[in-house]
Amino acid sequence: MNASSTKPWNGATESRDPGRSLEPPDGASTPRVAFAAAARSATGLRPDNQDSGLTAATLLAVADGVGGHVGGATASALAVRSLADARSEADGDPRILVGQLAAEANGRLSDICAELPVLSGMATTLTAVALSGDGRLGIAHIGDSRAYLLRGVQLVSLTYDHSVVQSLVDAGSLTAEQARSHPWRAVLLAALHGREDDLAAVEITAFRALPGDRLLLCSDGLWGVLPRQSIRRCLVVAGDVKSAADGLLDAALAAPAPDNVTVVVADVTEQGAAVAPAVVGAAAGSDRPPGGDRS
Ligand code: CA
């Protein structure tokens, strides 16, 4: 697993060098923090939901399963349930924690594929964010789900798509806008399949969060239909995380969304009451008609 990423920031973004702006001012102390979070997942125009999402006081995740009807939903649900079951180590190094969680999720995929070979070939993206009590964030990322940070009115991408079209954007063969509608846009270069070598492609990044920061994790069903400025606007104008998640999901479904859509919105807040983990999408066992899953 990479200790650090060579490409931690999304190429199709407003900023590829946000690191300095993500650090608190010199000498500033960071209060104890936790997430206030909301998640929504919907089938879009598809008959079933192969996405999963997780919110908890110090952990967020989105996973987008691939590999057919059963395999895709199973893969994302296994990964997200694995994270939901994990014991939180609020004062540990969040980079180490998210790396361990990604490895455990991949191990669950490996176990189930050994038990049920019919599921071999299933895979899932995973974007997971862990928060330590002192405000350090660790991100584990593989695939083309995304994490964004809204600080003030600036939206920064925290992840880099492991996809064919992103590599074409990097090579200058496609613009970011062309990539969003390219026929290969769903072809991934890396995902969790339950294979040991998958972990080498998991990118681990870290930064310092501040109270008031707003995070968005989402599957490609959101960013594939909503322009970046629409995503930013939704996050800026929404009062609370539930309104932000509702607004993003409603905007994607109105597009309309041809794919499953999962959004997790979290505010970094000065620590409040403990929040039990909650899951949405395939991990919640929801598999309902188009637009009907508003878990
Ligand atoms: Ca998808």
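## Getting started

This is a predicted model, in which local features need pLDDT of at least 70 and side-chain atom pairs count only at pLDDT 80 or more, while totals for chains, interfaces and linings use all residues. Residues are numbered from 1 along each chain as its sequence is written.

The protein has seven helices and twelve strands; helices (H or I, at least four residues) and strands (E, at least two) are DSSP runs, numbered from the N terminus. Of its 295 residues, 53% are buried. A residue counts as buried if 20 or more other C-beta atoms, placed from the backbone, lie within 10 Å of its own. Among contacts between residues at least 6 apart in sequence, 75% join residues at least 24 apart; a contact means that two C-beta atoms, placed from the backbone, lie within 7 Å.

An open sheet of five strands runs in the order 1-11-10-7-8, with antiparallel pairing; two strands pair if DSSP finds at least two bridges between them. Strand 1 (33–42) and strand 8 (154–157) are at the edges with a single partner strand each, so one side of each has no neighbour in the sheet. From one strand to the next, the twist averages 20 degrees, with axes fitted as lines to C-alpha atoms and angles running from 0 to 180 degrees between N-to-C directions.

Helix 6 (residues 228–237) lies across strand 7, strand 8 and strand 10, and runs at about 120 degrees to strand 8; for helices, the axis is fitted over the stretch in contact.

Five of the five residues of strand 10 (residues 214–218) are buried, so the strand is largely enclosed by the rest of the structure. Arg-214, Leu-216 and Cys-218 point one way, whereas Leu-215 and Leu-217 point the other way.

Strand 10 pairs with strand 7 (residues 146–151) in the antiparallel sense over five bridges, and Arg-146 has Cys-218 as its bridge partner. Strand 10 also pairs with strand 11 (residues 261–270), again antiparallel and over five bridges. Here Arg-214 stands opposite Asp-267.

Val-264 is buried, with 29 other C-beta atoms within 10 Å. Leaving aside residues up to four places away in sequence, its contacts include Ala-37, Gly-53, Leu-60 and Leu-217. Gly-53 is 211 residues from Val-264 in sequence, yet their C-alpha atoms are 6.9 Å apart.

The largest nonpolar core has 86 residues, and Leu-60, Ala-61, Ala-128 and Val-263 have the most contacts inside it. Such a core is a set of buried Ala, Val, Leu, Ile, Met, Phe, Trp, Tyr and Cys residues joined through C-beta atoms within 7 Å. Leu-60 touches residues including Phe-35, Ala-128, Leu-215 and Val-264.

## How confident is the model?

The mean pLDDT is 86, and 83% of residues reach 70 or more; pLDDT is the predictor's confidence in each residue, from 0 to 100. Over residues 1–21 the pLDDT is below 50, and this stretch has 40 contacts in the model beyond near neighbours in sequence. Residues 287–295 also have pLDDT below 50, with 25 such contacts. Where pLDDT is low, the predicted coordinates should not be read in detail.

Conventions: A residue is buried if 20 or more other C-beta atoms lie within 10 Å of its own, exposed if 12 or fewer, and partly exposed in between; C-beta atoms are placed from the backbone.
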